[in-house]
Amino acid sequence: MKEVVEQIRTKAKELLSEGKVDCVLGYKKGTVPMQEQPFCAYTPEEADQLTWSVFCTNNLANFLIKNTGKTAVLAQGCVSRNIVGLIKENQIKRENVYILGIHSPGMVDAKKVQDKFPDKVIQEAYLEGEELVVKGKDFTEHIPHRDVKRNNCYTCTHRNAVIYDEFVGEQGKESGGGNIDKVAYPWSKLDPEQRWEKFQETFKDCIRCYACRNVCPLCYCDVCFVDESNPQWCGKGQEETDIYTFHILRAFHCAGRCTDCGACESACPVGIKMRHLTSMLEADIREKYDYSPGLDLESVSPLSNYSQNDPEIE
Amino acid sequence: MSDKILKKDNLDQLLDKLRQDYQIYAPARQGASVVWEQAGNAEDLLWDFSNTDMSPKQFFFPQTERLMHFTNSYEDNQGMVMQEVPEMQHKQALLNIRPCDAKAFTILDKVFCQDEYPCDTYWEDKREKTLLIGLACKDPCPTCFCTSVNSGPHNQEGLDVLMVDLGDELLLKAITPKAEDIIADISDASEDQIKQAENQKQEAEQAISTGVNTNNIQSKTVLDLYESPIWDRIQEPCINCGTCTFYCPTCHCFDIQDETQSDYGHRIRNWDTCMSWLFTQHTSGHNPRGSKRDRVRQRFMHKFKYMPFKLDGAIGCVGCGRCTQKCPVNIDVREVVNKMNE
């Protein structure tokens, strides 16, 4: 990982000093364990703060929306797919982004790590080979990296950037190892009552902070439907119906566009598994339309398009 | 009143006594989270936790609170007339609340009951009916910085009783007259036990390794800070979600909504967040805090400049570190405040 970080910094310095870009969007080291901060380097000196690790859980494509000027951006598979999506949806211009493709090591789910040490305060964590070293006041533990990856990273199909101007580091394995179609949440095996129960259980802890929405590169509407007041589509309190309405509508609005980047789950302060919904929607899109979002700049997103051959959805 | 000493084995007697008047809530583990739950027996209480995930402000200021209700009909005699909701019908005790969280309530008291005009009755009602039995911090988190914002691991402000965990025993300090009645018949602590608690206080204070400096913030003018270029970079990673404000024990802004369903209607208030553009959107279409930069600046200026200015020096932060732990983009309040202070 150290070599990749050096390459990122060298490349960033080169792009900035040659004036090819106005800033390089990447990550800098976070101030708390298991978190890095989205960061824009504007000068070659600032480029020394750039980093790359298994804790880069945001989706940097989100920070490109409405950007003016030319930005270089560090993009692993999912982020590059969201950039493709944003270009197709006319939210960013291809010529305004310089994509530094990178291979994703599989990001860590900090909540899974914390779950392994329920009564301990984690003070430091870093990757050493295939293991995550976790340190606290009176303990040092080694846990396999593969045990604490985010669920979406296990079923990743494109760990390398799918579109890039330059690739940083080595290209690596594409697959996270799991089969996305097999792990899409098994809603179809449940009867309607069980589905409702499972759905309620999934979203019951929501505090409506909207971190999931705001961290998502698909959610760029000027006014989100939950913020509309005339008419007001959705109540603003902690009434269950209103919470569920928000999550259902948001998920459906993302169908055929979600790259399964996992940023929503990483951002959620209460640990809601939004992928229970999105994984099933994307499985439907693959099955009915033979489409996976963000893989190329040409194909038309199924829900942006009407064709007489569109499948009937039950 | 002198300090008292209570064996943890005998804590149930105190809980039973409390239960005659109070519903007791205490921190409990739920997976890797620590949440507030109705307390069971003493043996189920947590002693080795940092703090609850959510602050206990919800006991006085619920995320959604019904303020009034009405019959949503012009046909009905009483229709469209707001009716009061009843006051809280029980008394409650928050056991093992951390000193920083209790301190936060004293700051919010200044907000909800701030002048010669009537207090916020919803806040006041629940505050008056609540007993706060604190548990001093033994092992502060790396994100704790209470000692640099007028609080501390053994801070007593806002508490009725402060308990210090001495292992098998608890040292109890009565802080208010309300508490004296409750712990009066417990035996006095020895000199040695008082000394032990005092040592623990010093150790805990020393264990807080990070802090903020706020001296210069108070001497700088509002406009100097407001127009400072630091906000350009501070705001960059922010995604304007409400996480920091919802987890914060001192954030208290709310939004009032009227909701109706067939012939029932009510007026509720919900936690609001200054991070949202909607928070300040005018009906005219104008938004005085139209940019993300404006909103990020507001949150820190409110806590560290405007509140001290308006509330006799009270900082709108108790150093609990929840915002820093929970922020999805790692905006660290300590870094921001230290930049403001530079």
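Good morning, colleagues. I begin with confidence. For this predicted complex, the predictor reports an ipTM of 0.96 and a pTM of 0.96. The average pLDDT of chain B is 96, and 100% of the residues in that chain score at least 70.

Let us turn to the contact between the chains. Chain A contributes 29 residues to it, and chain B contributes 33 residues. On the chain B side, the elements that supply two or more residues are α9 (243–247), β10 (254–261), β11 (264–271) and α11 (322–326).

Next, the interior. As background, nonpolar side chains in soluble globular proteins tend to be buried together. In this model the largest nonpolar core holds 153 residues. Those with the most contacts inside this core come from both chains: V24(A), V73(A), A75(A) and I83(A), together with V161(B) and M163(B). What does V24(A) touch, leaving aside residues up to four places away in sequence? The partners of V24(A) are A12(A), L15(A), L16(A), A41(A), A47(A), L50(A) and A72(A).

Consider strand β7 of chain B, residues 130–135, in which 6 of 6 residues are buried. T130(B), L132(B) and G134(B) point one way from this strand, whereas L131(B), I133(B) and L135(B) point the other way. Which strands pair with β7(B)? Strand β6 of chain B, residues 91–97, pairs with β7(B) in the parallel sense over 5 bridges. Strand β8 of chain B, residues 161–165, is also parallel to β7(B), and this pairing has 3 bridges. I133(B) takes part in both pairings: L95(B) stands opposite I133(B), and V161(B) is the bridge partner of I133(B) in β8(B).

Strand β7 of chain A, residues 131–136, is joined to β8(A) by 6 bridges. Within β8(A), H142(A) is the residue opposite V133(A).

The peptide bond from N230(A) to P231(A) is cis, with omega near 0 degrees. P231(A) sits in the loop between α7 (211–214) and α8 (240–253) of chain A.

The other two points concern phi angles. Y210(A) is not a glycine, yet it has a positive phi of about 65 degrees. Y210(A) belongs to the loop between α6 (192–203) and α7 of chain A. Is Y210(A) buried or exposed? A residue counts as buried if 20 or more other C-beta atoms lie within 10 Å of its own; Y210(A) has 25 within that distance and is therefore buried.

D260(A), also not a glycine, has a positive phi of about 60 degrees. D260(A) lies in the loop between α8 and α9 (263–267) of chain A. D260(A) counts as buried because it has 24 C-beta neighbours inside 10 Å.

Thank you for your attention.

Definitions and conventions: Residues are numbered from 1 along each chain as its sequence is written. Chains are lettered from A and ligands numbered from 1 in the order in which they are written. This is a predicted model: local features need pLDDT of at least 70, side-chain atom pairs count only at pLDDT 80 or more; totals for chains, interfaces and linings use all residues. A nonpolar core is a set of buried Ala, Val, Leu, Ile, Met, Phe, Trp, Tyr and Cys residues joined through C-beta atoms within 7 Å. A residue is buried if 20 or more other C-beta atoms lie within 10 Å of its own, exposed if 12 or fewer, and partly exposed in between; C-beta atoms are placed from the backbone. Two residues are in contact if their C-beta atoms, placed from the backbone, lie within 7 Å. pLDDT is the predictor's confidence in each residue, from 0 to 100. Helices (H or I, at least four residues) and strands (E, at least two) are DSSP runs, numbered from the N terminus. Two strands pair if DSSP finds at least two bridges between them.
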